[in-house]
Amino acid sequence: MKQLFRFDIIKAGRGMQQMLHNFREENDWMQVQAGQRSDLWHNVSADQVVHVMETNVQNGLSALEAEKRTQLYGPNRLPTAPGKPWWQEIVEEVTEPMILLLLAVGVVYGFLGELRDAIAIFVIIIAVLAIEMGNESRAKRAIKSLAKLSTMDAPVIRDGAYREIAASELVPGDVVFLRPGQRIPADLRLLETIHLRIDESSLTGESVPVSKEANLILGEETELADRRNLAFSGTLVTRGKGKGVVVHTGRETEIGKIVGLVKEAREPRTPLQLHMRELTRWMVWIALGFSVLIAFLGWLRGMDWRETILTGLSLAFATIPEELPILITMVIGLGAYRLSKQNAILRRLRTAETVGNVTVIATDKTGTLTENRMQVEKWFINGQWLTDQEQQQSAWGELAVRIGVLANDGYVTEKPDGKKGFEGDPTDTAFLYKAEEIGYDVTAIRKEFQILEEYPLDDLNKRVSVLVRRGDSQFTLSKGAPEQLLSLAEHVVWSGQIVPMAQAFRTEIEQQANILASKGYRVLGLAFKEQPVSFSEMTRHEAESDLVFLGLVALLDPPRLDAEDAVRDLQQAGVRVVMITGDHPETARTIASKVGIDSEKTMVGREIERMTDEDLRQRVQEISVFARTTPEHKLRIVRAFQEQGEMVAVTGDGVNDGPALKEAAVGIAMGKTGTDVAKESADMVLADDRFSTITVAVREGRKLFENLFKAVRYYLAAKVALISSTFFAGVAGLAMPFSPIQIIVLELFMDLGASTSFTAERSEEDVIKPSPRRTDQPFMDRTMLTGIFSGGLSLGVAVIVAYVWSLQAGADVRHAQTVAFATWMIGHLILALLMRSLREPLIHLGIFTNKTMWVWIVSAIGFLMLAVWVPSLRELLHLTPIHPQEWIVVITSAVLAPLWMEVGKWIRWQSEVGYSEKG
């Protein structure tokens with residue numbers, strides 16, 4: 001009982017107030033149920049747990065006791081997400097700066113009688129709010145998906161009788177039966193096991209079902225994936241049967257803890273949200289300041305005060321970036337649509353821009369980098385390594401295939417497309433798929449042999465043997481742990497002969513098995529024996545005595561075919577790829593090395609538990625493979641990266657991935673094999689489960705961000721052109737180059753017209769090559785500011801040159817304003833073309849590759865012609881006819897003023913191309 005005394009536990013509830021034996025202090029044993037001591041159930045014997053839980057293996061709990069414990073512990077349900085009043089969600093969304101800006105502009109438009117514009121703005125606000133509020137329930141849906149794992153029936157013993165009760169009615173102390181295909185309804189300490197194997201991949205990431213043994217007593221520090229005397233809620237029985245006592249229910253189960261982590265996980269703001277807050281703050285004040293200043297200069301010059309106020313207001317409307325939310329939504333929406341066409345489904349719209357800025361991808365192994373199915377990889381038969389072709393051509397190789405097919409519980413199924421498939425234990429189905437792959441017919445082999453007796457895998461005998469007959473021959477065929485088959489083998493197949501098992505052969509076989517195991521492979525031995533036909537029953541000992549050892553087979557959950565290329569592409573794009581898995585460290589290292597992830601250093605979950613957050617932040621910079629991790633470990637790793645300023649994307653498909661998927665800047669779930677929990681917690685779902693789709697998403701995200709960057713750069717440059725030209729005129733003592741109505745028209749053309757055409761811009765040739773933007777890199781960086789002011793001032797100069805030339809030529813103010821208006825209209829089209837790329841020259845990018853922009857260019861030129869030539873429209877806009885020689889000045893000014901930008905871009909491009917070719 002020494003181990004039991006370490007618990008310091010006192011029973012709680014009615015009848016549980018007496019000290020249990022000689023405990024040293026009175027601590028409520030509900031600490032175990034509260035999760036404070038939950039790691040100790042594997043550390044004591046099954047009898048001790050039954051004693052502590054005050055239950056009975058044969059009779060279970062009484063109905064009365066079960067009712068008391070239900071009152072004490074509550075129902076076996078996972079917690080639901082805390083609700084938030086609808087009005088609070090609306091308030092949070094409405095108080096976003098960009099929404100407040102839109103509301104303010106809409107109200108002003110309404111006061112000025114522009115009801116149509118005001119209504120349009122309010123409709124946009126409602127649409128944006130609806131999209132955002134629709135995404136706020138994501139955490140709630142994730143927890144509801146987790147709760148589905150508890151909506152099942154559970155076979156238990158109550159009052160000494162077998163009963164089927166709802167899983168929600170289970171309480172600590174209930175004795176539960178386990179059968180194949182059953183979902184575990186609560187966390188159990190196993191009491192009895194018979195060939196019991198449980199698939200825990202959704203919880204731990206372990207590829208292979210875990211063999212469970214009730215009689216084990218494990219060390220305190222045994223990791224979750226290695227607690228073979230426990231069964232966890234939500235996992236699946238794949239083979240055998242057993243019995244267990246409930247030790248945790250509801251929120252205290254391992255899945256329940258994940259619910260808590262999902263609830264606590266913090267969703268980081270996207271770079272765009274942060275950038276737009278920054279941009280809005282200073283753009284509004286700059287726009288208002290210039291509008292007031294220009295109006296003040298006009299008033300000083302003696303302009304009519306009504307004209308001055310109207311000009312100031314028109315400039316304010318034209319220069320305040322109220323269309324930015326619309327522009328951003330359009331760019332991101334189109335990017336999300338393009339991603340969906342490439343099997344990356346966005347659950348949150350703004351993820352489209354975030355994914356392009358990812359600096360670290362923390363990927364799961366099982367089902368993400370690998371195919372989540374075991375595959376036969378290597379054959380060591382007849383004392384030598386064989387390829388599939390050599391194995392097929394060898395008589396001993398053919399025997400190896402037959403052993404793998406016959407000593408096998410897998411069964412044949414027919415897929416919807418009519419092709420043959422296999423179901424059962426992943427190891428068994430791996431042998432069946434390999435047999436078919438190299439040209440054997442599984443069904444024909446099984447028909448060829450009559451199975452007389454089966455000796456199944458169990459806790460003691462880690463092997464499967466079958467006694468089969470074909471004609472006048474009878475055979476024992478065995479598949480299992482190499483060390484067990486070696487201990488039973490008296491002979492070995494070596495160099496084409498059956499020879500006595502000498503120590504040298506045994507040593508060589510053990511060394512080969514150890515080498516494979518050290519590389520993460522699952523290694524099985526194959527053995528056989530031919531014997532006289534017997535018509536009497538044969539014991540397992542008789543059937544398996546004096547075996548002939550045939551060889552070894554190595555199995556592995558193989559990497560996806562495209563995983564290596566995808567990892568390489570991401571690394572070339574400056575994105576670091578790390579693996580976080582619950583699987584064995586050697587298996588993790590093997591897969592990591594196969595797909596190109598640095599596997600030189602590996603960290604396991606036990607090490608993470610001993611580290612402070614500061615230590616972990618330092619270590620994650622040098623380690624790329626994390627193994628034997630729990631959901632808590634994975635969450636800490638993601639936080640450590642993000643606290644270092646990294647933009648982290650997390651991939652996963654299991655329940656255990658939920659918290660990290662939600663916490664990460666971008667959570668990416670598998671669409672086909674992913675659990676509901678993973679999908680609901682994620683920002684993006686890969687419909688094809690291909691890791692390479694992430695590379696596509698990163699490329700599309702960078703393209704989207706660049707297009708948004710270009711659109712905003714052009715959008716603000718056009719406003720700078722408007723401000724600079726009017727400001728120069730005010731300072732120079734000239735009349736304003738545009739009338740108020742002309743400013744409103746210019747605002748319509750420069751805002752959504754040109755800017756939205758950038759959404760259709762194709763990516764530049766080197767879009768994936770630059771490293772991701774740093775999280776601390778401001779949106780209004782040097783490239784952005786240089787583009788805004790160089791482009792804006794160039795267009796402003798073109799307008800002022802044409803305007804002043806017209807005045808100097810003797811034109812009146814209205815005619816000079818018409819020349820300025822035409823120059824601005826043509827000039828901002830030229831500016832849009834030149835600002836289509838950040839690095840690539842227009843001639844290389846292709847002048848006519850953006851058809852959307854050319855539709856807008858033709859429309860804008862058509863409008864300008866109509867405005868100048870149609871008398872009624874000309875009068876409305878305060879324009880006059882323009883003479884042919886004036887058109888020459890207009891076009892020359894509009895084209896030449898910003899052309900220097902393209903010349904500089906071309907020179908830089910040529911120097912970079914020449915340098916790369918030399919390199």
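This is a predicted model: local features need pLDDT of at least 70, side-chain atom pairs count only at pLDDT 80 or more; totals for chains, interfaces and linings use all residues.
**Exercise 1.** Work out how helix 29 and helix 32 are oriented to each other, and which residues bring them together.

*Solution.* Start with the geometry: helix 29 (residues 692–732) and helix 32 (residues 813–834) pack at an angle of about 150°, and their axes are 11 Å apart. Next, apply the cut-off: angles over 145 degrees count as roughly antiparallel. Helix 29 and helix 32 are therefore roughly antiparallel to each other. Their crossing is right-handed. Finally, look at the contact itself: Tyr 714, Ala 717, Ala 718, Ala 721 and Leu 722 of helix 29 meet Trp 824, His 828, Leu 831 and Ala 832 of helix 32. By class, that gives eight nonpolar residues, one polar and no charged.

**Exercise 2.** Now treat helix 32 and helix 34 likewise: what is their packing angle, and how do the contact residues divide by class?

*Solution.* The angle between helix 32 and helix 34 (residues 851–869) is about 175°, with the axes 11 Å apart. These two helices are therefore roughly antiparallel. Among the residues in contact are Phe 821, Met 825 and His 828 of helix 32, along with Trp 854, Ile 857 and Phe 863 of helix 34. The contact divides into 15 nonpolar residues, one polar and no charged.

**Exercise 3.** Find the residues with the most contacts inside the largest nonpolar core.

*Solution.* This core has 57 residues, and the ones to pick out are Ile 509, Phe 549, Ile 597 and Phe 691. Its largest share, five residues, comes from strand 20 (residues 547–556). Apart from this core lies another, of 45 residues, including Ala 717, Leu 722, Ile 743 and Trp 887.

Methods
Residues are numbered from 1 along each chain as its sequence is written. Side-chain values use heavy atoms; hydrogens and water are left out. Axes are lines fitted to C-alpha atoms, for helices over the stretch in contact, and angles run from 0 to 180 degrees between N-to-C directions. Helices (H or I, at least four residues) and strands (E, at least two) are DSSP runs, numbered from the N terminus. Angles under 35 degrees count as roughly parallel, over 145 as roughly antiparallel, 65 to 115 as roughly perpendicular and the rest as oblique. A crossing is left-handed if the near helix is turned anticlockwise from the far one by less than a right angle, and right-handed if clockwise. Contact means heavy atoms within 4.5 Å. Ala, Val, Leu, Ile, Met, Phe, Trp, Tyr, Cys and Pro count as nonpolar, Asp, Glu, Lys and Arg as charged, and the others, Gly among them, as polar. A nonpolar core is a set of buried Ala, Val, Leu, Ile, Met, Phe, Trp, Tyr and Cys residues joined through side-chain atoms within 4.5 Å. Buried means under 20% relative accessible area, exposed over 50%, partly exposed in between (1.4 Å probe, protein chains only).
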